[in-house]
Amino acid sequence: MGKEKSSASRNIKIKNKRASFEYEFIDQYTAGIVLTGTEIKSIRAGKASLVDTYCYFINKELWVKNMYVAHYLQGSFANHIERRERKLLLNRKELRSLESECKNPGFTIVPTLLFIDDNGRAKLQIVLARGKKQYDKRQSLKAKEDRREIDRMFRK
């Protein structure tokens, strides 16, 4: 019974679907997150969201802001704050690279996927991204619509 529960919690993949529409992805990294006990339990239950989430640097450390992790129902008075800032864990080389790229105008760091790895730890997939212009967004919508149309034709 314990293995079934752990395999179910590993299937947790919380996506930021809006990010691929709003941004053009340049480079991708996988970062660990510093969490409290009730936060990891909520994430394993699938009670988190990456809507309007972004990353920024403070004193050469990468932080994620506005990530929603719901209160853990069985948590006591020691339950966490839902939208607190959380530190991301990357190696120094990756941090320096990201920080230098982020200083360029138009670039930002956006979380795209929150998941549980094989060891049961929560990981956040972050992307160095450049904001899309309005015409790029229209192009993305048209390409998506074309793919749907082609799929419909082959199903018949």
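Reply: Exposed means over 50% relative accessible area, buried means under 20%, and partly exposed lies in between. Keep in mind that this is a predicted model.

Me: Is Asn-59 buried or exposed?
Reply: Asn-59 has a relative accessible area of 71%. The cut-off for exposed is over 50%, so Asn-59 counts as exposed.

Me: Where is Asn-59 found?
Reply: Asn-59 sits in the loop that joins β4 (54-58) to β5 (61-65). Lys-60 has its place in the loop between β4 and β5 too.

Me: Is Lys-60 buried or exposed?
Reply: Lys-60 is exposed, because its relative accessibility is 64%.

Me: What is the phi of Asn-59?
Reply: Phi of Asn-59 is positive, about 50°, although Asn-59 is not a glycine. Lys-60 has a positive phi as well, near 60°, and is a residue other than glycine.

Me: Now the whole chain. How many helices and strands does the chain have?
Reply: The chain has five helices and nine strands. Read from the N terminus, the order of elements is α-β-α-β-α-β-β-β-β-β-α-β-β-α.

Me: What does the C-alpha trace span along its principal axes?
Reply: The span is about 50 × 45 × 25 Å. The chain has 156 residues, and 32% of them count as buried.

Me: How do I read a salt bridge, and how many are in the structure?
Reply: Look for a side-chain nitrogen of Lys or Arg within 4 Å of a carboxyl oxygen of Asp or Glu. A search of the whole structure finds nine salt bridges.

Me: Which side chains meet in a salt bridge at 2.9 Å?
Reply: Those of Glu-39 and Arg-86, with 2.9 Å from N to O. This pair links distant parts of the chain, 47 residues apart. Glu-39 belongs to helix α3 (residues 37-44), and Arg-86 belongs to strand β7 (residues 86-89).

Me: Are Glu-39 and Arg-86 buried or exposed?
Reply: Both Glu-39 and Arg-86 are buried. They also belong to a network of salt bridges, in which Glu-39, Arg-84 and Arg-86 are linked.

Me: Which salt bridge joins Lys-142, and where does it lie?
Reply: Lys-142 meets Asp-146, at 4.0 Å from N to O. Both residues lie in helix α5, four residues apart, which is about one turn of the helix. Lys-142 is exposed because its relative accessibility is 53%. Asp-146 has a relative accessible area of 36%, so Asp-146 is partly exposed.

Me: Which residue meets Glu-149 in a salt bridge?
Reply: Arg-152 does, at 3.2 Å from N to O. Glu-149 and Arg-152 are separated by about one helical turn, because they are three residues apart in helix α5. Glu-149 is partly exposed at 41% relative accessibility. Arg-152 is partly exposed too, with a relative accessible area of 46%.

Me: Next, the surface. Which residues form the positive surface patch?
Reply: Lys-13, Lys-15, Lys-17, Lys-144, Arg-147 and Arg-148 form a positive surface patch. The elements that give two or more residues to this patch are β1 (13-15) and α5 (134-155).

Me: Where does the largest share of the positive patch come from?
Reply: The largest share comes from α5, with three residues. Arg-148 has its place in helix α5. Arg-148 is partly exposed, because its relative accessible area is 47%.

Me: Where is the place of Leu-141?
Reply: Leu-141 is also in helix α5. Its relative accessible area is 46%, so Leu-141 is partly exposed. From Leu-141 to Trp-63 the gap is 78 residues in sequence and 31 Å in space, C-alpha to C-alpha.

Me: Last, aromatic rings. How is a pair of aromatic rings described?
Reply: Two values describe a pair: the distance of the centres and the angle of the planes. The structure holds one aromatic pair. Tyr-54 and Tyr-56 form this pair, at 6.2 Å centre to centre and 45° between the planes.

Me: Why does the pair count as tilted?
Reply: Planes under 30 degrees apart count as stacked, those over 60 as edge-to-face, and the rest as tilted. The planes of Tyr-54 and Tyr-56 are 45° apart, so the pair is tilted.

Me: Is Tyr-56 buried or exposed?
Reply: Tyr-56 is buried, because its relative accessible area is 19%. Tyr-54 is partly exposed, at 38% relative accessibility.

Key
Residues numbered from 1 in each chain as written. Predicted model: local features only at pLDDT ≥ 70, side-chain atom pairs only at ≥ 80, totals over all residues. Heavy atoms only, no water. Patch = residues over 30% accessible without salt bridge, like charges linked within 9 Å, V, L, I, M, F, W, Y side chains within 5 Å. Areas by Shrake-Rupley, 256 points an atom, 1.4 Å probe, with all protein chains shown as cover. Lys, Arg positive; Asp, Glu negative; His and termini not counted. Charge placed at Lys NZ, Arg CZ, Asp CG, Glu CD. Buried < 20%, exposed > 50% of the residue type's maximum accessible area, 1.4 Å probe, protein only. Phe/Tyr/Trp six-rings, centres within 6.5 Å; stacked < 30°, edge-to-face > 60°.
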